[in-house]
Amino acid sequence: MDQSLRRAVVEVTLSTLFYALFCLIAMAVVAVFVRAYVPSAGVVSAVSWVVKCAGSFLMPLIFIRRGRALVKGIVAGVAGSLVTMLIFAAVGGGFSLTALYLAELAACAALGALGALVGTKLRRE
């Protein structure tokens with residue numbers, strides 16, 4: 001495998017795994033507050049979106065380096081969203097694909113790309 005391709009796969013994989021870990025930890029903290037304050041389902045859904053969007057921006061910002069950062073950020077955002085959907089489905093007992101999830105995929109892809117681009121501009125290599 002080409003060295004640059006190997007590096008890209010490692011960057012996207014690290015970003016995806018830490019995105020999933022970030023979402024799991026953040027949602028566990030949110031679950032504590034949900035049990036304590038019992039907010040409406042809309043609040044829980046909105047907080048879930050905020051956590052996923054924050055993760056899809058932050059993890060590519062941290063892990064993606066120069067060289068096709070836009071593409072790697074998009075892939076990391078979409079892959080992270082898919083992985084967390086599968087993990088939450090396994091924990092929650094099932095999942096359903098809706099139009100809202102397609103919007104979430106698009107938002108995570110855009111935020112992943114933005115995070116990767118900002119990270120490459122801020123990083124001095």
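1. Let's start with helix 1, which covers residues 3-37. This helix has 35 residues and spans 50 Å between its first and last C-alpha, close to the 51 Å expected at 1.5 Å a residue. Keep in mind as you read that this is a predicted model. Just past the end of helix 1, have a look at Val38, where phi is positive, at about 50°.

2. Which residues of helix 1 are buried? They are Ala8, Glu11, Val12, Ser15, Thr16, Tyr19, Ala20, Cys23, Ala26, Met27 and Val30. An α-helix has 3.6 residues a turn, so residues three or four places apart point the same way.

3. Val10, Leu14, Leu17, Phe18, Leu21, Ile25, Val29, Phe33 and Tyr37 form a nonpolar surface patch of about 880 Å². Take Leu21, which sits in helix 1.

4. Helix 2 is next. It has 23 residues and reaches 33 Å from first C-alpha to last, close to the 33 Å expected at 1.5 Å a residue. Its buried residues are Ser48, Val51, Lys52, Cys53, Gly55, Ser56, Met59, Pro60, Leu61 and Phe63. Do spot Lys52 in that set. What do the buried residues of helix 2 pack against? The answer is helix 1, helix 3 and helix 4.

5. On to the inside. The largest nonpolar core has eight residues: Tyr19, Cys23, Ala26, Met27, Val51, Met59, Phe63 and Cys108. Helix 1 and helix 2 each supply at least two residues of this core, and helix 1 gives the most, with four residues. Another core, of five residues, lies apart from that one, and Ile64, Ala69, Ala76 and Ala116 are among its members.

6. Besides being in the largest nonpolar core, Met27 is in contact with Ser48, Val51 and Phe88, leaving aside neighbours within four places in sequence.

7. Last, find Ser81 in helix 3. Is Ser81 buried or exposed? It is buried, because its relative accessible area is 0%. Setting aside neighbours within four places in sequence, Ser81 is in contact with Tyr19, Tyr101, Glu104, Leu105 and Cys108. Tyr19 and Cys108 also turn up in the largest nonpolar core.

Definitions and conventions. Residues are numbered from 1 along each chain as its sequence is written. This is a predicted model: local features need pLDDT of at least 70, side-chain atom pairs count only at pLDDT 80 or more; totals for chains, interfaces and linings use all residues. Side-chain values use heavy atoms; hydrogens and water are left out. The expected span of a helix is 1.5 Å times one less than its number of residues. Buried means under 20% relative accessible area, exposed over 50%, partly exposed in between (1.4 Å probe, protein chains only). A nonpolar core is a set of buried Ala, Val, Leu, Ile, Met, Phe, Trp, Tyr and Cys residues joined through side-chain atoms within 4.5 Å. Contact means heavy atoms within 4.5 Å. Patches are made of residues with over 30% relative accessible area and no salt bridge: like charges are joined within 9 Å, nonpolar side chains (Val, Leu, Ile, Met, Phe, Trp, Tyr) within 5 Å. Accessible areas come from the Shrake-Rupley method with a 1.4 Å probe; for residues, only the protein chains shown count as cover. A salt bridge is a side-chain nitrogen of Lys or Arg within 4 Å of a carboxyl oxygen of Asp or Glu.
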